[in-house]
Amino acid sequence: MKKAFVISVITAVILFLVGWLSGNTELFGKIAVGIGVFFFIIAGLTSGAFISGSQMQANFHSESKQSRAERRNMMFVSGVVMVPQFIAGYFLLTL
């Protein structure tokens with residue numbers, strides 16, 4: 001998870017610097033927000049946020065502890081990657 005966060009921060013910093021130095025902050029801001037939205041959707045799908053409670057209960061009882069841990073890990077990694085992208089996109093779009 002730490003490696004994913006570092007890679008996401010580096011990507012966000014690169015997008016911010018390129019957007020700021022090129023003067024095209026809106027384009028690079030939209031790219032950063034697009035990356036953030038992609039990982040937001042991945043985190044939502046893996047957490048079960050987009051399904052009903054009865055479907056979540058059925059999924060919980062039908063999966064093993066290992067697959068549940070893998071799914072939870074994917075959710076956390078997606079959430080960790082998403083945050084720096086949204087921050088970079090916010091600052092680029094408000095400049």
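This is a predicted model: local features need pLDDT of at least 70, side-chain atom pairs count only at pLDDT 80 or more; totals for chains, interfaces and linings use all residues.
Residues are numbered from 1 along each chain as its sequence is written, and side-chain values use heavy atoms, with hydrogens and water left out.

E26 and K30 are four residues apart in α2, about one turn of the helix, where helices are DSSP runs of H or I with at least four residues, numbered from the N terminus. E26 is partly exposed, at 47% relative accessible area; buried means under 20%, exposed over 50%, and partly exposed in between, with a 1.4 Å probe and protein chains only.

The whole structure holds three salt bridges, and E63, R68 and R71 are linked in a network of them. E63 meets R68 at 3.6 Å, N to O, and R71 with closest N and O atoms 2.8 Å apart. R68 counts as buried at 12% relative accessibility, whereas R71 is partly exposed at 26%.

R68 is also among the buried residues of α4, together with others including S78, V81 and L92. What covers these buried residues includes α1 (2-22), α2 (25-47) and α3 (53-62). As for α4 itself, residues 65-94, its 30 residues should span 44 Å at 1.5 Å a residue, and its end C-alpha atoms are 44 Å apart, which agrees; the expected span is 1.5 Å times one less than the number of residues.

Note on methods:
Helices (H or I, at least four residues) and strands (E, at least two) are DSSP runs, numbered from the N terminus. Contact means heavy atoms within 4.5 Å. A salt bridge is a side-chain nitrogen of Lys or Arg within 4 Å of a carboxyl oxygen of Asp or Glu.
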